[in-house]
Amino acid sequence: MTAASASLAALTPFRLIGHPILLGVRRVGAITLFGLRSLAATLTPPLYLGQLWRQFLAIGFFSLPVTGLTAVFTGAALALNIFSGGGRLNAEQVMPQIVALGITRELGPVLAGLMLAGRVAAAIAAEIGAMRTTEQIDAMVTLSTDPYRYLIAPRLIAAVLALPLLTAVADLIGIAGGWLVAVRTLGFNPVLYVRNTDAFLQAGDIGSGLVKASVFGFVVALMGCYHGYHAAGGARGVGRATTHAVVSASILILACDYLLTAVFARA
Amino acid sequence: MTGVAKLEWRGVRKSFGGRAVLDDLDLAVAPGRSLVIMGGSGQGKSVTLKLALGLLTPDAGALRIDGRDTASASKSARRRAFADIGVLFQGAALFDSLSVWENVAFRLINADGVPRRKARERAIEALSRVRLPADLADAYPASLSGGMQKRVGLARAIVGRPSLLFFDEPTSGLDPVTSAVINELIVEQVRDLGCTAVSITHDIASARTIADEIAMLQGGRVIWSGSPSELDQTPDPYVRQFVEGRADGPG
C-alpha cells in the first residue's frame, strides 16, 4: 500500500460521515431556496385565481371526510383514555377539559396535518412529478408561464388557508367525539360537558392550534411541490418523489409542532 | 450565411457531472429557413434544443436570438426573447387537467391576458389549421390518439403566430401515415407563418420533407451540414451509416 492510498484509507470514516452530512446540508439549502422562490411567487402578481380555487377545493374541501373521521375517532379514544387514566387520580371529571385542550392545541392540527401529508403532499408530488417527467413543466416555461406562479404558489396559498379551516372543523368534531363517548358510555351530563368545555377553553388554545395548522399547511404543500418539481427518472422517479414528500412532510410537521409548542408555552 | 441569424449557437459548451455533452457547438439558422438537427442518441441534440428554449443555460459560449445573446441577457430581455417562440414537444406535453382548447390557448390566457372567450375562438381557429374539428375543443388530452395529441401540440405552438418554431422528434411514436400528415402540417405552418423552424429528429424521411438544411451532431459538435439533397452525396462515413441505418460503421 502506498502512502497516498494509506492516507486515503485513513480518511474513509470521515468520508462516510461527511458525505451524507454534505448531502443533507445541500438538500436543506435547495429546499430553502425553493421555499424562498415559492414564497416570492405567492407574494407578487400574477396570482392565478382559478388555480387557487381548484387547489383550495382539492386540498381543503376534499380532505374534510378523512380529517373528520380521524378527529371523531381520536376524540372518542382520547375521552376513554383520559377517563380511565384519570380514574387513578380521581380526576375523571376533568376529562372534558383535557379532551378539549388536547384536541385544540395538539391533536387537531397535528392529525389534520399528518392526514394532509398523506393525502395532499402525495397527490401534489405525484401530479407535479408526472408533469416534470412528461415535459409539461418545460412546456409551461416555453409558454411564457412561470411554473412557480402557476403550479406552486396556488398550492402553497391553498394549503396555508385550508389547513386551519380543516383544523377548526377537526377540533369541533374531535370534541364532539369525546362528548359522544362521555355521554353515551361514561354517564356524563351532556349539557355540563359542553359548559365545562366552553368555560375552560381559551382563545389562545384554539388560536395556537390554528397557527400551527397554517405552518403545517405550508410544510405539506412545500414538500409535495419540491419533491414533485425535482422528480426525475420516469414512473419510478415519481414514486420516489411521492414517498419522500410524505415522509419529509410528516417529520417536518412533528418537528415544527415541537418548536411551535415551545414558542407558545413561553408566550 | 449573410445577415443576422435568427438563432445561433456560438462556441457553446455544456457538461453534466463532468461529462461534456456539447463541445464548442457552432450552429446557426437564417430567418425563414428550416433547420433539422440529426444525430444518434446521446450526441447532444436534446441539450442543443433545451439551450435554444432557455430551459438550460450554457457553461460557455453564446446563444443568440436575432443577434442578441439570451444567456447573458437580463430576466426581462430573456422573457421577451422567448415570448416569440412555439414548441412541439416529443410527447406533445399537453396539460392533462386542461381541455384541448385550454391547452391551445394556454399562453393566450395565462401570459398574454386574452379573455377566455376570445382565446377559445383563436384556439379553435388554430385547431382548424392543423385539421382538427372544433368539436374536439372540449375533449381532454387523454381521450386523443398520439397523432391527434401531436396536432393539438402543433396548434398550441402556432396559436401565438411565433417567429421561431421548434419541433422535438415530431414524428416519434407515430405510424407512417400519421407521420406524413404531421410533416405536411409542419411544412404548411412554417410556410404560412413565414417563421424560422428548428427540428430534432431521427427520422430521415421526416428530415427530407421538412428541412431546408440539415446538421448532423456527433460528440456534441456539428460534423456535417448541408441540404437534404446533399445528404445522399456526402462521403462522411458517420452520416452515410446514419442515413443508411446500418449497424456497422463509426457510429
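User: Let's start with helix 4 and helix 8 of chain A. At what angle do they pack, and how far apart are their axes?

Analyst: Keep in mind that this is a predicted model. Helix 8 of chain A covers residues 203–229, and its angle with helix 4 of chain A is about 15°, with the axes 7 Å apart. Angles under 35 degrees count as roughly parallel, so helix 4 and helix 8 of chain A are roughly parallel to each other. Their crossing is right-handed. As for what sits in that contact, the residues split into 19 nonpolar, nine polar and five charged.

User: How many helices and strands does chain A have?

Analyst: Nine helices and zero strands. Reading from the N terminus, the elements simply go α-α-α-α-α-α-α-α-α. The C-alpha trace of chain A spans about 75 × 55 × 35 Å along its principal axes.

User: On to chain B. In what order do the strands of its open sheet come?

Analyst: A bit of background: strands of a sheet pair through backbone hydrogen bonds, either parallel or antiparallel. In chain B, six strands make an open sheet in the order 6-7-8-3-9-10, with mixed pairing. Strand 6 (85–88) and strand 10 (221–226) of chain B each have a single partner strand, so they stand at the edges with one side lacking a neighbour in the sheet. From one strand to the next, the twist averages 20°.

User: How many bridges join strand 3 of chain B to strand 8 of chain B?

Analyst: Four, between residues 34–38 (strand 3 of chain B) and residues 196–200 (strand 8 of chain B), and the two strands run parallel. To find your place in the model, look for B:Ile37, which stands opposite B:Ile200 in strand 8 of chain B. Then bring in helix 10 (residues 237–244) of chain B, which packs on the sheet and touches strand 3, strand 9 (213–218) and strand 10 of chain B. The direction of helix 10 of chain B makes about 110° with that of strand 9 of chain B.

User: Which residues of helix 6 of chain B meet helix 7 of chain B?

Analyst: From helix 6 of chain B you get B:Gly147, B:Lys150, B:Arg151, B:Leu154 and B:Ile158. Among their counterparts in helix 7 of chain B are B:Val181, B:Ile182 and B:Leu185. The classes are six nonpolar, three polar and two charged. Helix 6 (residues 146–158) and helix 7 (residues 176–193) of chain B pack at about 10° with axes 11 Å apart, and are therefore roughly parallel.

User: How many residues of chain A are in contact with chain B?

Analyst: Eleven, and they contact 15 residues of chain B. Helix 5 (residues 136–142) of chain A gives the largest share of chain A's side, five residues. That side has four nonpolar, five polar and two charged residues.

User: Where in chain B is confidence lowest, and where is it highest?

Analyst: Lowest in helix 2 (residues 75–82) of chain B, with a mean of 81, and highest in helix 3 (residues 100–104) of chain B, at 98. The mean pLDDT of chain B is 93, with 99% of its residues at 70 or more. The model scores ipTM 0.93 and pTM 0.90.

Key. Residues numbered from 1 in each chain as written. Chains lettered and ligands numbered in written order. Predicted model: local features only at pLDDT ≥ 70, side-chain atom pairs only at ≥ 80, totals over all residues. Contact = placed C-beta atoms within 7 Å. Nonpolar A, V, L, I, M, F, W, Y, C, P; charged D, E, K, R; others polar. Pairing = 2+ DSSP bridges. Axes fitted to C-alpha atoms, helices over the stretch in contact; angles between N-to-C directions. pLDDT = per-residue confidence, 0-100. Parallel < 35°, antiparallel > 145°, perpendicular 65-115°, else oblique. Left-handed = near helix turned anticlockwise from the far one by under 90°.
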